[in-house]
Structures are given as C-alpha cells and as structure tokens.
Amino acid sequence: MLRSIFMAIFIAVGFSTSAIACPDFNASPQASYQASGKQLYSLRTFDVVAGGDNYIWDCPNVQPGTDTGAGYFPTSPDFSFQLSDMNAYQLVVSVVSECDAALLINTASANWYYDDDDRGNYDPRIVLTRPANGRIDIWIGTYDGEYCNAQLEMETFDR
C-alpha cells in the first residue's frame with residue numbers, strides 16, 4: 001500500500017513538472033530582420049522548412065484571435081521582424097509550400113493569429129490590417145506534422 005502511494009506521488013510530481021513544448025516568442029528566432037512598411041511594399045520572400053513537433057492544440061499559451069485549427073509548429077519562431085513605419089499599411093503574410101502548411105504569428109501587440117488555407121492550394125495567408133510597429137514573430141508549421149520546403153512571403157499595401 002505504501003509503495004502504491006509513493007508511486008502515485010512520483011507520477012503526479014513527474015507530470016506536474018514536465019513542461020509542454022509550444023511555440024514560444026521568448027525563444028531565439030531562427031532568423032531576425034528589420035523592415036519598414038515602405039521596404040515591404042515590394043514582395044519579399046524568405047526560404048524556410050515548414051513543420052515542427054509542437055501540436056498547437058496542446059499549447060494553452062497560444063490563443064489565436066482568428067482562425068483556429070490543427071498544426072505542428074517549432075518552439076522558436078522561424079522569423080522575427082522588427083517592423084517600423086507601418087502606420088499607412090496593411091501587412092500580408094503568406095506561405096507558399098510543397099505541403100499543407102500552417103502559419104502562426106505573434107504581433108507586437110501580443111496578439112496571436114493562425115491560418116491554414118486562406119491563400120489557397122493548402123497554403124496559409126494572414127492579413128494584418130493595422131500592424132503595429134515593433135516585433136512580430138512568425139512560425140511556419142504544417143497541418144499534419146510533415147516537413148517540407150516553403151517560402152514566407154511578406155508584402156505591405158496601402159490602407
């Protein structure tokens with residue numbers, strides 16, 4: 001009986017101290033850039049491998065204010081951009097991939113955004129109509145946990 005109690009305590013402590021790996025905006029990004037609204041007025045593309053090990057529904061720290069859906073993302077952001085002079089622009093963030101990609105963004109205003117297929121052809125697209133100046137973190141995942149080659153596309157348009 002005493003052995004069973006100790007085993008139950010050991011299991012409970014083990015589960016309570018294990019952290020769930022999730023997308024984390026505090027983790028160092030794979031790549032960092034600075035860009036102004038004017039610089040992004042021409043389409044910019046960035047190569048990336050889409051995919052990750054963290055299933056988004058297992059991540060209570062990620063609460064998208066837009067679409068919700070399935071997806072596997074890395075812990076650290078694929079990209080971090082320090083944005084400036086965004087007042088006159090909307091920002092379109094999309095992905096072109098060889099698989100069913102998913103997109104996760106944490107903005108300078110600390111808002112989470114998720115998308116899976118709004119660009120078409122199983123690719124994601126998020127339009128930030130009033131992007132804030134400051135840091136934006138971007139994760140490129142996949143719907144089903146696969147990995148594939150992809151390109152992040154970023155472009156601004158007049159509001």
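## Ground rules

Two strands count as paired if DSSP finds at least two bridges between them. Strands themselves are DSSP runs (E, at least two residues), helices are runs of H or I with at least four residues, and both are numbered from the N terminus. This is a predicted model, so local features need pLDDT of at least 70 and side-chain atom pairs count only at pLDDT 80 or more, while totals for chains, interfaces and linings use all residues. Residues are numbered from 1 along each chain as its sequence is written, and side-chain values use heavy atoms, with hydrogens and water left out.

## Overall layout

The protein has 1 helix and 11 strands. Going along the sequence, the pattern reads α-β-β-β-β-β-β-β-β-β-β-β. Of the 159 residues, 43% are buried; buried means under 20% relative accessible area, exposed means over 50%, and partly exposed is in between (1.4 Å probe, protein chains only).

## The four-stranded sheet

Let's start with an open sheet of 4 strands, ordered E2-E11-E6-E9 and paired antiparallel. Strand E2 (44–50) and strand E9 (125–128) sit at its edges, each pairing on one side only. From one strand to the next, the twist averages 20°; the axes behind such angles are lines fitted to C-alpha atoms (for helices, over the stretch in contact), and the angles run from 0 to 180 degrees between N-to-C directions.

How many bridges join E6 to E11? There are 9, and the two strands run antiparallel. One of the pairs puts serine 97 with alanine 150 of E11 as its bridge partner. E6 (residues 89–97) also pairs with E9, again in the antiparallel sense, over 4 bridges. Here valine 93 stands opposite isoleucine 126 of E9, and leucine 91 faces leucine 128 in that strand. E6 is largely enclosed by the rest of the structure, because 7 of its 9 residues are buried.

## The nonpolar core

A nonpolar core is a set of buried Ala, Val, Leu, Ile, Met, Phe, Trp, Tyr and Cys residues joined through side-chain atoms within 4.5 Å. The largest one here has 26 residues, and those with the most contacts inside it are Phe79, Phe81, Leu91, Ile138, Ile140 and Leu152. At least two core residues come from each of E1 (31–36), E2, E5 (79–84), E6, E7 (101–106), E9, E10 (134–142) and E11 (148–158). E11 gives the most, with 4 residues.

## The E7–E8 hairpin and two positive phi values

E7 and E8 make a hairpin with 5 residues between them, and 4 bridges join these antiparallel strands. In that pairing, leucine 103 has aspartate 115 of E8 as its bridge partner. Isoleucine 105 is also found in E7, and it counts as buried because its relative accessibility is 0%. Across 31 residues of sequence, isoleucine 105 lies 7.0 Å from isoleucine 136, C-alpha to C-alpha.

Most residues other than glycine have a negative phi. At 55% relative accessibility, alanine 110 counts as exposed. Tyrosine 122 likewise has a positive phi near 65°, but its place is the loop between E8 and E9. Tyrosine 122 counts as exposed too, at 54% relative accessibility.

## One cavity

On a 1 Å grid over the protein atoms alone, a cavity is a set of points where a 1.4 Å probe fits but cannot get out, and its lining residues have an atom within 4 Å of a point. Grid points are joined across faces, edges and corners, and a volume is the space filled by probe spheres set on the points. The count comes to 1 cavity of 30 Å³ or more, and the largest cavity holds about 40 Å³ of space.

What lines the largest cavity? Its lining is Leu83, Thr107, Ala108, Leu128, Pro131, Ala132 and Ile136. By class, that makes 6 nonpolar, 1 polar and no charged residues, where Ala, Val, Leu, Ile, Met, Phe, Trp, Tyr, Cys and Pro count as nonpolar, Asp, Glu, Lys and Arg as charged, and the others, Gly among them, as polar. Leu128 of the lining is the residue in E9 that stands opposite leucine 91, and Ile136 of the lining is the one 7.0 Å from isoleucine 105, C-alpha to C-alpha.

Technical notes. On a 1 Å grid over the protein atoms alone, a cavity is a set of points where a 1.4 Å probe fits but cannot get out, and a pocket is an open set with protein on both sides within 12 Å along at least five of seven lines; lining residues have an atom within 4 Å of a point.
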